[in-house]
Amino acid sequence: MRESDRDKFVKLAEARVNKTLKDIQLIGNLSNRSNYDYTEADVEMIFKALSQEIAACKKRFEMSKPKNGAGGFKLGGR
């Protein structure tokens, strides 16, 4: 991998994770019952949606890992 690809990944990952952490903190602010009215079902739906999206994101990274034996078979002198 070229270093510029690594630099780009680090820059974008840091920015996106930090933004996401801030957004999660803002979701936590919704827990203040003196300002908001919500049910336990609402809370469950929020955390189910977040958990599902985290799981899908993690799966995308796991799918991009090289498989064992990948690239091990070659025809001819390649």
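Helices here are DSSP runs of H or I that span at least four residues, numbered from the N terminus. With that in hand, welcome to a quick tour of this predicted model. Two topics are worth a look: a nonpolar surface patch of about 740 Å² and a set of two salt bridges.

**The nonpolar patch**

- Val17, Leu21, Ile24, Ile27, Leu30, Tyr36, Ile46, Phe47 and Leu50 make up this surface patch.
- Two or more of its residues come from each of helix 1 (3-29) and helix 2 (40-63).
- Helix 1 supplies the largest share, with four residues.
- Leu50 belongs to helix 2, and because its relative accessible area is 31%, this leucine counts as partly exposed.

- Lys19 pairs with Asp23 in a salt bridge, and their closest N and O atoms are 3.0 Å apart.
- Both Lys19 and Asp23 sit in helix 1, four residues apart, which is about one turn of the helix.
- Lys19 has a relative accessible area of 53%, so this residue is exposed.
- Asp23 reaches 32% relative accessibility and is therefore partly exposed.

**The salt bridge between Arg33 and Glu40**

- Arg33 forms a salt bridge with Glu40, with 3.3 Å between the closest N and O atoms.
- Glu40 is exposed because its relative accessibility is 52%.
- Arg33 has a relative accessible area of 47%, so this arginine falls in the partly exposed class.

How values were computed
Residues are numbered from 1 along each chain as its sequence is written. This is a predicted model: local features need pLDDT of at least 70, side-chain atom pairs count only at pLDDT 80 or more; totals for chains, interfaces and linings use all residues. Side-chain values use heavy atoms; hydrogens and water are left out. Patches are made of residues with over 30% relative accessible area and no salt bridge: like charges are joined within 9 Å, nonpolar side chains (Val, Leu, Ile, Met, Phe, Trp, Tyr) within 5 Å. Accessible areas come from the Shrake-Rupley method with a 1.4 Å probe; for residues, only the protein chains shown count as cover. A salt bridge is a side-chain nitrogen of Lys or Arg within 4 Å of a carboxyl oxygen of Asp or Glu. Buried means under 20% relative accessible area, exposed over 50%, partly exposed in between (1.4 Å probe, protein chains only).
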